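Hi there,

Here is the structure I promised to pass on. Have a look at it first, and then read my notes below.

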Amino acid sequence: MSAPDVLLDVRELRKVYRTPAVLGRGGSEFVAVEGASFTVRRGETFGLIGESGSGKTTVGRMLLRLLDATSGYVEFDGYEVLRLAGPRLRDLRQRMQIVFQDSGSAFNPRLPVGEQVAFPMRKFRLHPESEIKSRVVDLLEHVGLWADQAQRYPHEFSGGQRQRLGIARALAAQPDFVVLDEPTSALDVSVQGQILNLLCDLQDERGLTLILISHNLAVIQHMCDHAAVMHEGHVVETGSVDELFGAPRSDITRQLLDAVLEPTAPAG
Amino acid sequence: MSSEIITSSGPATSPARVAGWQRRSQWGLAMRALRRDKVAVAALVVLVAVTLVAVLAPWISPYDPLVGDPRARLLPPGTPGHLLGLDGQGRDILSRLMWGGRYSLTVAVVPVVCAALLALVIGMASGYRGGRRGEAVMRVLDVVFAFPIVLFAIALAAVLGAGLVNTMVAVGITLVPYMSRVVYTSTVQESAKEYVEAARAAGATDLEILRKQLLPNVLSPLVVYGTTLAGLVIVLAAGLSFLGVGITPPAPDWGVMTADGRQVLLEGYAHVATVPGLVILVVALAFNLLGDGIRDALDPHKQTS
Ligand SMILES: Nc1ncnc2c1ncn2[C@@H]1O[C@H](COP(=O)(O)OP(=O)(O)OP(=O)(O)O)[C@@H](O)[C@H]1O
Ligand SMILES: [Mg+2]
């Protein structure tokens with residue numbers, strides 16, 4: 001058992017992508033994540049840093065059972081995540097949500113976004129049917145969108161608005177843990193600041209535990225309590241943000257820090 | 001640390017703010033977009049008109065399509081009482097065309113619809129989490145059905161005899177691999193997108209993902225493809241009838257009529273073959289243009305611009 005204030009305990013998580021053999025030519029294997037271990041405490045924001053392709057998204061998807069891990073151990077609030085099945089897995093899905101990196105493909109192009117935000121509410125039977133619409137509208141307004149946008153289709157929104165929609169949909173499940181996969185990478189600085197502030201507010205309000213995936217160190221420094229640094233599938237360093245940024249132990253972390261000339265906290 | 005805070009978030013929203021936010025359904029939007037497309041509307045009008053005429057043929061056709069007047073053979077179009085002339089057996093061509101729509105349109109639409117339904121099942125089942133097994137199914141389908149349709153129709157006619165039903169079976173079976181391929185490809189493409197994962201994260205089962213998330217996205221290219229194919233199938237079926245392995249005379253099928261006309265074509269009576277030929281051309285073209293229109297109308301990006 002993990003310490004009581006630990007919500008998520010990840011040990012030796014591993015993912016090997018296999019490309020199948022095509023027409024006699026042998027398939028290949030690619031190790032995307034190798035022995036990733038870290039722990040996330042209740043109510044904190046945990047950063048996952050690393051250059052593009054280091055395996056951050058892959059880790060996030062495995063934690064939520066959206067992708068099958070090759071091996072490893074994940075414990076969430078006492079549940080052994082990788083072993084759950086059936087109704088227990090369903091219950092877990094309600095508690096763990098994700099905001100996808102690519103807001104462009106994160107929504108079904110042929111369903112009104114209101115329907116899509118309502119979907120987790122319906123699936124997890126969180127509200128009576130008569131209340132669903134007003135709940136969706138409340139959520140949209142909460143993340144800074146308007147009620148009448150519920151009937152619109154995804155392409156009728158800007159990238160920043162879709163990021164907000166992604167957050168609204170994740171919150172619709174009433175989770176206590178959310179993975180935010182680069183929630184601001186596609187946005188300009190001012191919108192970025194708005195979204196980050198929104199996330200901070202939501203976290204205070206709802207006591208969420210967050211994993212924030214980002215390659216923007218300023219964002220991590222501003223938002224996170226602890227963080228892990230990934231490099232080519234390995235977690236090379238974990239620790240409090242102050243430690244990581246003040247006295248990096250790993251060369252990789254140092255390189256990441258050097259690459260950013262002047263990390264400044266985003267506006268607001 | 002619980003999620004109770006969310007459950008009690010603020011007062012309930014007034015009904016006015018949530019009224020009708022499902023008003024804009026995908027199909028409603030598509031219909032609106034289609035109405036703005038003049039070419040597609042024209043094609044649709046042609047097809048609806050031809051269908052109506054075919055359905056109403058028993059009541060509105062001026063003559064019996066099967067009974068001719070041997071003394072009035074091959075009169076040209078414009079002959080009083082016979083707008084499109086008479087064929088080699090003295091039958092009224094207009095009446096035959098009206099009745100013939102019943103055969104030709106049935107042969108165009110029924111196999112396409114049946115093949116589409118089958119293709120949806122095959123394509124989605126092998127495309128969704130099908131992996132290599134799904135790929136293998138598609139390969140097998142390609143190989144097994146990579147068989148010239150004419151030979152297939154001849155074989156079928158040899159075994160079961162030529163006729164309307166066998167023509168539809170031959171055409172339908174030939175279409176299945178093509179349509180399955182379209183469904184398979186879009187299923188594979190769409191299931192890799194993150195909205196499918198979002199649905200899974202929201203607790204959706206595979207069946208729900210297939211039905212609610214993938215089906216609308218897979219259906220659009222299939223409807224477009226099927227509409228275009230219907231135009232091709234009319235020509236194809238006419239070809240089979242022409243060769244004598246499709247619908248058989250004296251049925252007033254448009255292909256049969258073209259074949260009838262061939263015999264007198266060289267004697268200088270071109271209208272017997274060209275009139276039904278032109279009708280086939282126009283209807284096939286209408287299906288193709290409608291297919292193009294539907295493609296645009298179903299594109300979410302073009303609906304609201
Ligand atoms: N489905 C897949 N099949 C094969 N390889 C994959 C697949 N998905 C990801 N990879 C590979 O795994 C590695 C890690 O990918 P991942 O998406 O986790 O990176 P990331 O850290 O999120 O990068 P980014 O910051 O660009 O989003 C990459 O090299 C990628 O090419
Ligand atoms: Mg990523």
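In the side chain of Lys56(A), an N or O atom lies 2.8 Å from an oxygen atom of ligand 1, a polar contact (a pair of N or O atoms within 3.5 Å). Taken alone, ligand 1 exposes 640 Å², and the protein buries 63% of that (Shrake-Rupley areas, 1.4 Å probe). The side chain of Ser52(A) also has an N or O atom 2.4 Å from an oxygen atom of ligand 1, and a polar side-chain atom of Tyr17(A) sits 3.2 Å from a nitrogen atom of ligand 1.

A word on the source: this is a predicted model, with local features needing pLDDT of at least 70 and side-chain atom pairs counting only at pLDDT 80 or more, while totals for chains, interfaces and linings use all residues. Residues are numbered from 1 along each chain, chains are lettered from A and ligands numbered from 1 as written, and side-chain values use heavy atoms, without hydrogens and water.

Now for the metal. Which protein atoms are donors of the magnesium ion (ligand 2)? They are OG1 of Thr57(A) and OE1 of Gln101(A), 1.9 to 2.3 Å from the ion (donors are N, O and S atoms within 2.8 Å of the metal, or 3.2 Å for Na, K and Ca; water is not among the atoms, so sites may look incomplete). Thr57(A) belongs to helix α1 (residues 56-63) of chain A, and Gln101(A) to the loop between β6 (96-99) and α3 (113-123), 44 residues apart (helices are DSSP runs of H or I with at least four residues, strands runs of E with at least two, numbered from the N terminus).

Happy exploring!

Key: A polar contact is a pair of N or O atoms within 3.5 Å; within protein, one must be able to donate a hydrogen and the other to accept it, and residues adjacent in sequence count only if both atoms are side-chain atoms.
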